[in-house]
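Reader: Could you walk me through one part of this model up close, the aromatic rings and the helices around them? I'd like the cut-offs spelled out as you go.

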Amino acid sequence: MDLLIFDELFSSSSESSDSEEEILDIIFENNENHPRRRKARVQNFIENVIYEYDNKSFQENFRMQKTTFNYLLFLLRNDLEEENYSGRIPMSAEKLLYITLYVLATPDSYRSVVTKFNVGNATAWRAVRKVVKILCTFRNYFIRWPNRREINDYSRRLQIEYGFLGVIGALDGTHICILAPLEDS
């Protein structure tokens, strides 16, 4: 058993562990007596499907316009294409970003995502983690807290429109766990 297989099987970090089937594929990769099982996956989903989306379909699937995606890709490309010392073939910055945005924008399971993008579960998970981590470094360029006057304006507008007293904004999304207060949830 070579060192790569050993590292894959006995890695203690959850981010680098692959599913049992992927590990078995690695073990039996060079064994001609064992037929290698391949999961059925979509080939060239980005090239054959995403590139064909019109602006409306792109917006529905990624919750942003194509121009915004291209701007994000421009901003993140250097960080996403950093050196890969794992010995694996590096994934393009574009594919990393598509996977991440698809996971964040749709209610699809990782199983569905890995089938569409032809990657393993752990690879998809690492892609999302890597992109989100890099996106967080840009947070202060795009997110700012409102000043006192803006807070008062927002609060007044939300109270008039919706009857919410003392509220200055709202979050929408399924990726943020917020516990409701015990009283007046």
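Author: Phe69 is buried, at a relative accessible area of 2%, and Phe58 is buried too, at 1% (buried is under 20% relative accessible area, exposed over 50%, partly exposed in between, with a 1.4 Å probe and protein chains only). Keep in mind that this is a predicted model, where local features need pLDDT of at least 70, side-chain atom pairs count only at pLDDT 80 or more, and totals for chains, interfaces and linings use all residues. Residues are numbered from 1 along each chain as its sequence is written, and side-chain values use heavy atoms, with hydrogens and water left out.

Now the rings. The whole structure has 10 aromatic pairs (rings of Phe, Tyr and Trp, the last by its six-membered ring, with centres within 6.5 Å; planes under 30 degrees apart are stacked, over 60 edge-to-face, the rest tilted). Phe58 and Phe69 make one that is edge-to-face, 5.9 Å centre to centre with 75° between the planes. Since Phe58 sits in helix 4 and Phe69 in helix 5, the pair ties together parts 11 residues apart in sequence (helices are DSSP runs of H or I with at least four residues, strands are E runs of at least two, numbered from the N terminus). Both rings belong to a cluster linked by ring pairs, along with Phe45, Phe62, Tyr98, Tyr102 and Phe117.

Helix 4 (residues 55-62) packs on helix 6 (residues 93-105) at about 70°, axes 7 Å apart (axes are lines fitted to C-alpha atoms, for helices over the stretch in contact, and angles run from 0 to 180 degrees between N-to-C directions). That makes the two roughly perpendicular (65 to 115 degrees; under 35 is roughly parallel, over 145 roughly antiparallel, the rest oblique). Phe58, Asn61 and Phe62 of helix 4 touch Tyr98, Leu101, Tyr102 and Ala105 of helix 6, with contact meaning heavy atoms within 4.5 Å.

Helix 5 (residues 66-80) meets helix 6 as well, at about 120° with axes 9 Å apart, so this pair is oblique. On the helix 5 side the contact uses Phe69, Leu72, Leu73, Leu76, Arg77 and Leu80, and on the helix 6 side Ala93, Glu94, Leu96, Leu97, Tyr98 and Leu101.
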